[in-house]
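Subject: Structure handover

Hello,

Here is the structure I promised you. Please open it alongside this note and follow the residues as you read.

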Amino acid sequence: GKTALKLSYSRYYEPVWSAKYNGGQIFGAGSIDSYRWNDLNRNNLMDLPPTDSYVISSYPEQDPNYRYYPDDLKAPYMDEILAGVEHELVKDFRLGLQFVWKQNKNIVEDIDLNNGYDVNKKLDNGESVWIPFSFTDPGWDGIWGTSDDQQLTVYGLNKNAPVPTWFGANPPEAKRKYWAAILTFDKRMSNKWQLKGSILYSSYKGNAEATYSPTEGESAMFDNPNTLINSYGPIWFDRPLQIKIMGTYILPYDFILSTYIVHQSGSPWARTIARVYFPPAIAALVQSSYVAVNAEPLGSQRNRSYTNLDLRLEKSFPLISGAKLNIYLDVFNLAGYSGINVNDNPAPYLRFDRPPLDASDYQLSSTYRNITSIYGVRSLRLGARITF
């Protein structure tokens, strides 16, 4: 009676977002979603055509029978397996080991109804829908001809292809998978003290994030072939190592001291290229003069890990008729964990549209190496409560 084995399998179906009437709305002002502005004379002013040109970037299907979701749409769901063993080593102390596995299936994402994201797709006239452009990425140092250079290929939408129209579907390439191994311990309250905690090691990978827009089906991950380049890896919520410890000790004179310690790995990110400008020969064939691309696999970099210690000191006072007054002091971030967030992603513009290529054609993001925020505040809270 001191050992428990646990095993479960579950499937959780998710609702399909039904508020997509905006996608099938064909008569209002939103029918043309947006234009791309091409500053042909490079004066940074929006001049009228033909000085500058404007290209429709999205134009919903003008068909009264158009629907955002296809008839064969499948409901998204998640399979989950939980397995574990717990054993009471000594009185009031339990040790456990757990394994968690989760995988999302039938993920719903928006896709270009007219052009898709297959680089081998052809137009009726035999031309490629997506026109390739191979180039050299100068890497982290931003200098062409050094050891960290790499070759990448991006794709422009053929100017003879239809303007994109979006609809929701179940792209088979959409992936999201999670697993974790967890060591837990639990010393129940006895002899005036308790202690519990866990050490978790996990992996959360995919190419469709679990944040708001992707769960609504609008992550842009499958909008074109470029968004799928280097798109698989640790997603934003991935924190491989997580340690949590909570303890309480009852001191003399009804003083109660409690602490909570948490440590977790930093959030993942990756270097990107904000714009790859096509050379003139390619730009003349495509609908947009530039595209964006991930320069390395998703989650190749990590932000600083996070560690926090909170403390509570509480004193109990008996009142009449069994009532009790508790006064407590909370100290958040007792150790003073603090720091700054810096934009470490160069996110450059690569200008292949104005040969010959030189150092001026590598333009860093205007916020690169800038401090974007400051964090870390130690705070105190004094409170009281009456129980009866």
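There are 17 aromatic pairs in this predicted model. Take F133 and F352 to start. Their rings pair edge-to-face, with 5.5 Å centre to centre and 70° between the planes. This pair links distant parts of the chain. F133 sits in strand β7, F352 in the loop between β22 (349-351) and β23 (362-363), and 219 residues separate them. Both F133 and F352 are buried.

Next, W144 and Y362. Their ring centres are 6.4 Å apart and their planes stand at 90°, so this pair is edge-to-face. W144 is in the loop between β7 and β8, while Y362 is in strand β23, so the pair ties together parts 218 residues apart in sequence. Y362 counts as buried, at 13% relative accessibility; the cut-off for buried is under 20%.

Now the nonpolar cores. As a rule, nonpolar side chains in soluble globular proteins tend to be buried together. The largest nonpolar core here has 17 residues. Which of them touch the most other members? They are F133, F135, V154, I273, V276 and F278. Four strands each supply at least two residues of this core: β7 (130-137), β8 (150-157), β16 (272-277) and β17 (290-294). The most comes from β7, which gives three residues.

Leaving out residues up to four places away in sequence, F278 touches F133, V154, Y155, G156, A283, V286, S288, S289, Y290, V291, F352 and D353. There is also a second, separate core of 13 residues. Its members include Y69, I111, A169 and A208.

On to charges. Side chains of opposite charge can pair when their charged atoms come close. The model holds 15 salt bridges.

- D137 and R271 meet through their side chains at 2.7 Å, N to O. D137 counts as buried at 0% relative accessibility. R271 is buried too, with a relative accessible area of 3%.
- R312 and D330 form a salt bridge at 2.6 Å, N to O. R312 is in strand β19 (residues 306-318) and D330 in strand β20 (residues 324-332), 18 residues apart. R312 is partly exposed, with a relative accessible area of 24%. D330 is buried at 5%.
- D344 and R369 meet in a salt bridge at 3.0 Å, N to O. D344 lies in the loop between β21 (339-342) and β22, and R369 in the loop between β23 and β24 (371-375), so parts 25 residues apart in sequence are tied together. D344 is partly exposed, with a relative accessible area of 27%. R369 counts as exposed at 53% relative accessibility.

A network of salt bridges links R312, E314, D330, R381 and R385. The charged end of R312 also sits over the ring of Y328, 4.1 Å from its centre. K315 has such a ring as well: its charged end sits over F317, 4.3 Å from the ring centre.

Is N207 buried or exposed? N207 is buried, with a relative accessible area of 7%. N207 lies in the loop between β11 (193-206) and α1 (212-216). A polar atom of the N207 side chain lies 2.9 Å from the backbone oxygen of E173. A polar atom of that side chain also lies 2.8 Å from the backbone nitrogen of K175. Apart from neighbours within four places in sequence, N207 is in contact with E173, A174, K175, M221, F222, S231 and Y232.

A75 is in the loop between β3 (53-58) and β4 (77-90). A75 is partly exposed, with a relative accessible area of 35%. Neighbours within four places in sequence aside, A75 is in contact with Y13, E14, V16 and N106. A75 and Q194 are 119 residues apart in sequence and 45 Å apart in space, C-alpha to C-alpha.

Best wishes

Key: Residues numbered from 1 in each chain as written. Predicted model: local features only at pLDDT ≥ 70, side-chain atom pairs only at ≥ 80, totals over all residues. Heavy atoms only, no water. Buried < 20%, exposed > 50% of the residue type's maximum accessible area, 1.4 Å probe, protein only. Polar contact = N/O pair within 3.5 Å; in protein donor to acceptor, adjacent residues only side chain to side chain. Contact = heavy atoms within 4.5 Å. Core = buried A, V, L, I, M, F, W, Y, C linked by side-chain atoms within 4.5 Å. Phe/Tyr/Trp six-rings, centres within 6.5 Å; stacked < 30°, edge-to-face > 60°. Lys NZ or Arg CZ within 6 Å of the ring centre and 35° of its normal. Salt bridge = Lys/Arg side-chain N within 4 Å of Asp/Glu carboxyl O.
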